[in-house]
Amino acid sequence: MAIATDSTQSNAIDIPALIDCSRIGGFQVVMLTLCALCLIIDGFDVQAMGYVAPAIIQEWGIAKGNLGPVFGAGLFGMLLGSLTFSILADRIGRRPVLIAATLFFAACMLLTPLAGTVEQLIALRFITGLGLGAIMPNAMALAGEYSPLRKRVTLMMLVSCGFTLGAVLGGLLSAALIPRFGWQSVFHVGGAVPLVIGVLMIFLLPESMQFLVLRGKRLEQVGKWLRRIDPAVVVDQQTRYVVNEKAGKGAPVMQLFQDGRAKVTILLWIINFMNLVNLYFLSNWLPTIAKDAGLSTATAVMAGTTLQIGGTLGTLIMGQLIDRSSFRRVLIPAFLIAGVSVALIGRPELSLLFLFASIFVAGFCIVGGQPAVNALAGTYYPTTLRSTGIGWSLGVGRIGSIVGPVLGGELIRWNWPNSTIFIVLAVPALVSAAMLVLMQETSHRKNTQAAIV
C-alpha cells in the first residue's frame, strides 16, 4: 500500500472524511471508553494524596506542612511528563505511550504504600506524576482523531469528564477504604485498576490512523480499523489512504512555532497557565477560606463540591455549544463571566445562596472551561503535532497549577482580606478572555483554524 496525499487518486480513502460521515459505532465507543477510563484513574490518582493525607499525618506523627512538598512533587512530575512524553507520542504513536504510561503509573501506585518516610513519598509521587503527565494529551488526541467533526469537541470534553469523575470516585472510595483497610488500600486500588485498563488497551486500543498514514507504518492495520468504522469500505492492495496533511519534519516543539502557529501557540500557553492558576487556587483553598469566613466545616466542604459540580456541568454543556458555534463564541463570554463570579465570591455581604451561585458559575466557566482549552489545542494542531501541542500547552499550564495554590497561601499569610484576594484571582480569567480575542484576530488574518472563530 502507498500513502496518498491527494484525494483525487483512484482507490483513495479520505480517512478524516470517512470518520466525519460515519456514525459513531461500537469500535469508536470502546476506544473512547478506554480513553475515559484512563482519565478517570488519572483524576483518582491526582486527588488520592489529598484524601490519604490526614491518615498519613496521624499514622506517621508529622506536621501538616511536611506533606506540602509531596503534593508539589506530583504536580511537577506531571508537568515534566506532559512536556516530554507528548513529544515522544508524536514520534512513535499515541497508543504505545498511553499504554506504557498507564502501566507505569499503575506500578508506581502499587509501590507507594511501601513508602515509610516523607522523602520516599516525594520520590514516588514525582515518578508517578511523570506517567500521569502522558495520559491527558494522548487520550484527548486519540478521542479527537476518532470522532466525527460534528461531535468532536463534545466527545473530547465528555472523555475529559473522566478526570473530574475520577476525583469524585477517589473521595468516595477513600472514605470507605481508609477506616477499614488503612490509607495504603487507596493506592492498592489505584494501582490495580489501571493495571487492568493497561492490559485491556493492549488488545483493544487502536492507534491514530492519520498518524500511521503520515508515517507510512502498519497500513494494513489502517484498513482493518476502517472496516470496523464502516463495514461497507472496500480495501485492497491498491487502496491509497488520504490525510490532507504533510508529515512533520524536525523537532515537534519547534514546529509549534512554524507555519504561522507561533502566536496561537503562545496564546494557548498563556490561557492554560491563567486558567489553571484559578482552577487550582479555588480547588485547594476555597473550603479553607470559606471555613475561616465563618461557615461550618460541612458548608465549607460543600462549597468545594459545588465548584466541581459546576465544572462537570460546564464541561458537558460547553462541548455541545462549541460544536454548534465556535470556541470563541463560547469561551470568551465564559471567561468574562468567570472573572465576575470569582470577584463576587470574596464579597462579605453576599448571602449564602448567592455565594454558592457564584461558586457554581465559577466552576462552570473555569473548571468546565479547561477541557475546552485542551480540545482547542487538539483541534488546532495537525496530526503530527497534536499530542505535542496538547501536552506542551498543558505542561506550561501546569506551572499555573503550582503557582495558584502557592499564591493563595502567600496572600492568606499576608492577611489580605478575602474581597481583595478574589479580585486578584479574577484577573487571570479576564486575561484568558483577552488572549482568546487575540487568537481570534490571528485566525482571521492567517486563516489558520476556522474552529477558533
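**View 1. Q210 in helix α9.**
The side chain of Q210 reaches the backbone oxygen of E145 at 3.2 Å. Q210 sits in helix α9. Helices here are DSSP runs of H or I with at least four residues, strands are E runs of at least two, and both are numbered from the N terminus. Q210 is buried, at 7% relative accessible area. Buried means under 20% relative accessible area, exposed means over 50%, and partly exposed is in between (1.4 Å probe, protein chains only). Beyond its neighbours within four places in sequence, Q210 is in contact with I15, P16, I19, E145, V243 and T383. Contact stands for heavy atoms within 4.5 Å.

The model is predicted: local features need pLDDT of at least 70, side-chain atom pairs count only at pLDDT 80 or more, and totals for chains, interfaces and linings use all residues. Residues are numbered from 1 along each chain as its sequence is written, and side-chain values use heavy atoms, with hydrogens and water left out.

**View 2. The two domains.**
The domain assignment gives domain 1 (13–245) and domain 2 (252–447). Such bounds come from an automatic or database assignment. The C-alpha centres of the two domains are 22 Å apart. In domain 1, 36 residues are in contact with 38 residues of domain 2. Between them, about 2,900 Å² of area is buried, and carbon and sulfur atoms give 68% of this. D90, V153 and M157 supply 19% of the area that domain 1 buries against domain 2, more than any other three residues. Buried area is the accessible area (1.4 Å probe) that two parts lose on being put together, summed over both.

On the side of domain 1 that touches domain 2, the elements giving two or more residues are α3 (68–92), α6 (135–145), α7 (152–181) and α9 (209–215). Helix α3 gives the largest share of that side, 11 residues. The residues of this side divide into 19 nonpolar, 9 polar and 8 charged. Ala, Val, Leu, Ile, Met, Phe, Trp, Tyr, Cys and Pro count as nonpolar; Asp, Glu, Lys and Arg count as charged; the others, Gly among them, count as polar. A polar contact is a pair of N or O atoms within 3.5 Å; within protein, one must be able to donate a hydrogen and the other to accept it, and residues adjacent in sequence count only if both atoms are side-chain atoms.

**View 3. Salt bridges around E145.**
The rule finds 1 salt bridge across the interface of domain 1 and domain 2. A salt bridge is a side-chain nitrogen of Lys or Arg within 4 Å of a carboxyl oxygen of Asp or Glu. The side chains of R386 and E145 form a salt bridge, N to O at 2.8 Å. E145 also forms a salt bridge with R94, N to O at 2.7 Å. E145 lies in helix α6 and R94 in helix α4 (residues 94–111), so this pair ties together parts that are 51 residues apart in sequence. Both E145 and R94 are buried.

**View 4. D20 and R152.**
The structure holds 7 salt bridges. One joins the side chains of D20 and R152, N to O at 3.2 Å. D20 lies in helix α1 (residues 15–21) and R152 in helix α7, so the pair ties together parts that are 132 residues apart in sequence. D20 is partly exposed, at 25% relative accessible area.

**View 5. D259 and R261.**
D259 pairs with R261 in a salt bridge, with the closest N and O atoms 3.5 Å apart. D259 counts as exposed, at 66% relative accessibility. R261 counts as buried, at 11%. Elsewhere, salt bridges that share partners join D90, R94, E145 and R386 into one network.

**View 6. S393 in helix α17.**
S393 lies in helix α17 (residues 386–413). S393 is buried, at 2% relative accessible area. The side chain of S393 makes a polar contact with the side chain of N272, at 2.3 Å. Not counting residues up to four places away in sequence, S393 touches L268, W269 and N272.

**View 7. L172 in helix α7.**
L172 lies in helix α7. L172 is exposed, at 57% relative accessible area. The C-alpha atoms of L172 and Y51 are separated by 9.6 Å, and the two residues are 121 residues apart along the chain.
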